[in-house]
Amino acid sequence: MPITLEPLPYARDALEPYISARTVELHHGKHQAGYVERANKMLEEAGLGALTLEEAVVRARTLRNQKLFENAAQAWNHAFYWKSLRPGGGGEPHGAIAELIARDFDGYAAFAGELRDAALGRFGSGWAWVVVDGSRLKITTTPNADVPLVDGVRPLLTIDVWEHAYYLDYQHQRAAYVGAVIEHLLNWDHANAELAAAN
Ligand code: FE
């Protein structure tokens with residue numbers, strides 16, 4: 001069954017003023033849609049059309065099919081990114097994730113600073129992630145299309161740091177974009193739901 005371009009979980013302008021409707025429109029409607037389309041074509045050609053998207057990502061890595069991996073992983077990463085954000089999000093966490101942040105980091109401010117530094121420190125295109133590795137909460141980054149789940153690590157939240165995620169709104173200022181996401185958009189409900197599913 002073909003991979004689908006999941007609809008956005010909110011209106012295109014819902015993340016304004018932090019991420020513009022125009023950025024969301026291009027990011028979802030052109031970048032993500034392109035990854036989905038190319039992944040479907042390659043899966044079909046490889047006789048892997050029956051896999052779910054997550055299975056396709058893992059299989060492509062196992063097969064060392066780099067082109068398929070890049071497109072399938074980017075399709076997965078982007079669907080996860082939109083769910084990692086919400087209007088009225090960000091700031092102090094709540095629920096189970098708040099307890100893990102308190103346990104595994106030196107409080108929320110230290111966690112937020114570490115996430116910001118990781119997102120800014122990723123050279124070039126890639127992703128910053130909040131993950132649960134075993135039972136520990138960690139912050140990590142990946143280059144290009146890479147995704148922690150191929151290493152058996154469960155993502156809870158992600159921030160896209162490819163330039164297409166912020167260039168229209170912030171130009172070269174990745175720090176302004178990352179700061180806005182952390183302060184105003186991170187979806188703690190999503191992190192808590194992923195955490196519950198991982199246990
Ligand atoms: Fe992107």
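Guide: Let us begin with histidine 190, which, leaving aside its neighbours within four places in sequence, is in contact with Phe80, Lys83, Ser84, Leu156 and Leu157. Contact means heavy atoms within 4.5 Å. The model is a predicted one, in which local features need pLDDT of at least 70, side-chain atom pairs count only at pLDDT 80 or more, and totals for chains, interfaces and linings use all residues. Residues are numbered from 1 along each chain as its sequence is written, and side-chain values use heavy atoms, with hydrogens and water left out.

Visitor: Where is the place of histidine 190, and is histidine 190 buried or exposed?

Guide: Histidine 190 is in helix H8 (residues 188-198). Helices (H or I, at least four residues) and strands (E, at least two) are DSSP runs, numbered from the N terminus. Buried means under 20% relative accessible area, exposed over 50%, and partly exposed in between, with a 1.4 Å probe and protein chains only. Histidine 190 has a relative accessible area of 10%, and is therefore buried.

Visitor: Which residues coordinate the iron ion?

Guide: The iron ion is coordinated by His27 (NE2), His78 (NE2), Asp160 (OD) and His164 (NE2), at 1.9 to 2.1 Å. Donors are N, O and S atoms within 2.8 Å of the metal (3.2 Å for Na, K and Ca); water is not among the atoms, so sites may look incomplete. Along the chain, the donors follow the spacing H-x50-H-x81-D-x3-H. Histidine 27 in helix H1 (residues 21-45) and aspartate 160 in strand E3 (residues 154-160) form a pair that links distant parts of the chain, 133 residues apart.

Visitor: What makes the arrangement around the iron ion tetrahedral?

Guide: Four donors count as tetrahedral if all angles lie between 85 and 135 degrees. The four donor atoms here subtend angles of 89 to 128°, and the arrangement is therefore tetrahedral. For four tetrahedral donors, the ideal angles at a metal are 109.5 degrees.

Visitor: Why are histidine 27 and aspartate 160 called buried?

Guide: Histidine 27 is called buried because its relative accessible area is 1%. Aspartate 160 is buried because its value is 0%.

Visitor: How do you know that the span of H1 agrees with its number of residues?

Guide: The expected span of a helix is 1.5 Å times one less than its number of residues. The 25 residues of H1 should therefore span 36 Å, and the end C-alpha atoms are 35 Å apart, which agrees. H1 also has a kink of about 30°, centred on alanine 33. The bend at a residue is the angle between axes fitted to the seven residues ending there and the seven starting there.

Visitor: What do the buried residues of H1 pack against?

Guide: They pack against helix H2 (53-62), helix H3 (66-84), E3 and helix H6 (167-170). The buried residues of H1 include Val24, His28, Tyr35 and Leu43. Just after H1, glycine 47 takes a positive phi of about 70°.

Visitor: Why does arginine 116 count as partly exposed?

Guide: Arginine 116 counts as partly exposed because its relative accessibility is 34%. This residue is in helix H5 (residues 108-121). Not counting residues up to four places away in sequence, arginine 116 touches Ala175, Val178 and Ile182. Alanine 176, in helix H7 (residues 174-184), is partly exposed because its relative accessibility is 33%.

Visitor: Which residue in the loop between H2 and H3 has a positive phi near 55°?

Guide: Arginine 64 is in that loop, with phi near 55°, a positive value in a residue other than glycine. Most residues other than glycine have a negative phi, and most peptide bonds are trans. At 76% relative accessibility, arginine 64 therefore counts as exposed. Asparagine 144 also has phi near 55°, and lies in the loop between strand E2 (136-143) and E3. Asparagine 144 is partly exposed because its relative accessible area is 44%.

Visitor: Which residues does a cis peptide bond join?

Guide: A cis peptide bond joins glutamate 16 and proline 17, with omega about 5°. Proline 17 lies in the segment before H1.

Methods: Tetrahedral: all angles 85-135°; square planar, octahedral: opposite > 155°, others 65-115°.
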